[in-house]
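Here is a quick tour for someone meeting this chain for the first time. Have a look at it below, then read on.

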Amino acid sequence: MEILIGAKLKQLRTEKKLSIAELSKLSDVSTGLISQIERDLVVPSVTSLWRLAKALDTNINYFFHEEPTEEHFVIRKGEHQTIVTHHDSSYYKLLHADRPDRAMDMMEITLKSGYSYEKKALSHDGEECGYVLKGTLTVFLNGRDYILNEGDSIYFDSSLPHKYINNGEEDCISIWAMTPKFF
């Protein structure tokens, strides 16, 4: 399921009285990409979306949030929200309930063979812990590559520059916990 976020981005940018050029400077996302996102011509990477959300003083979930009909503690199989990015190259299945008091994110990430979630390494406040369920995942962390195979896990301070790459021949599926909440 691909969610179109352009209208929400444009609305929030307009409410904050920011031009595309001003938002570009604040977020380190190019003006061209912001324009394409707002017109729903491209689906941004999670990192680009995070940078835009941070510059607009919100979080990524703003772009995907739907008002819950009741307070959720359990999410049943088939009811998880899935965010598709990078032209269907990565899928983020949110394993947590959409609660305002939530302090962390828990997700299943599927990264297609040959893809990275972002070209540039990202650093931010918080901590991350990942576990590979299937395939092989390369975690570029603080200038070094760590190859994780099925059953391997990693834990690190998110302020260290990092990115995830699937150099394997099959899709990689991993489970991640992250603080502070990203979505």
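## The overall layout

Helices (H or I, at least four residues) and strands (E, at least two) are DSSP runs, numbered from the N terminus. On that basis the chain has four helices and nine strands, and in sequence order it reads α-α-α-α-β-β-β-β-β-β-β-β-β.

Keep in mind that this is a predicted model, where local features need pLDDT of at least 70, side-chain atom pairs count only at pLDDT 80 or more, and totals for chains, interfaces and linings use all residues. Residues are numbered from 1 along each chain as its sequence is written, and side-chain values use heavy atoms, with hydrogens and water left out.

## Inside and outside

Buried means under 20% relative accessible area, exposed over 50%, and partly exposed in between (1.4 Å probe, protein chains only). Of the chain's 183 residues, 42% count as buried.

A contact means heavy atoms within 4.5 Å. Take the contacts with a separation of 6 or more: 65% of them are between residues 24 or more positions apart.

## A helix with a buried face

Helix α3 covers residues 31-38, and its Ile34, Ile37 and Glu38 are buried. Looking down the axis of α3, these buried residues fall within an arc of 95° (taken from the directions from the helix axis to the C-beta atoms), so they line one face of the helix. An α-helix has 3.6 residues a turn, so residues three or four places apart point the same way.

What do the buried residues of α3 pack against? Their partners are α1 (6-15), α2 (20-27) and α4 (46-55). After α3 comes Asp40, with a positive phi near 55°.

## A pair of strands

In strand β1 (residues 82-85), Thr82 and Val84 point one way while Ile83 and Thr85 point the other, and all are buried. Strands count as paired if DSSP finds at least two bridges between them; β1 and β2 (residues 90-94) run antiparallel and are joined by four bridges. Across that pairing, Val84 stands opposite Tyr91.

## The nonpolar core

A nonpolar core is a set of buried Ala, Val, Leu, Ile, Met, Phe, Trp, Tyr and Cys residues joined through side-chain atoms within 4.5 Å. The largest one has 37 residues, and Trp176 and Phe183 touch the most other members. Helix α4 gives the most to this core, with five residues.

Leaving out residues up to four places away in sequence, Trp176 touches a list of residues including Met106, Ile109, Leu137, Phe156 and Tyr164.
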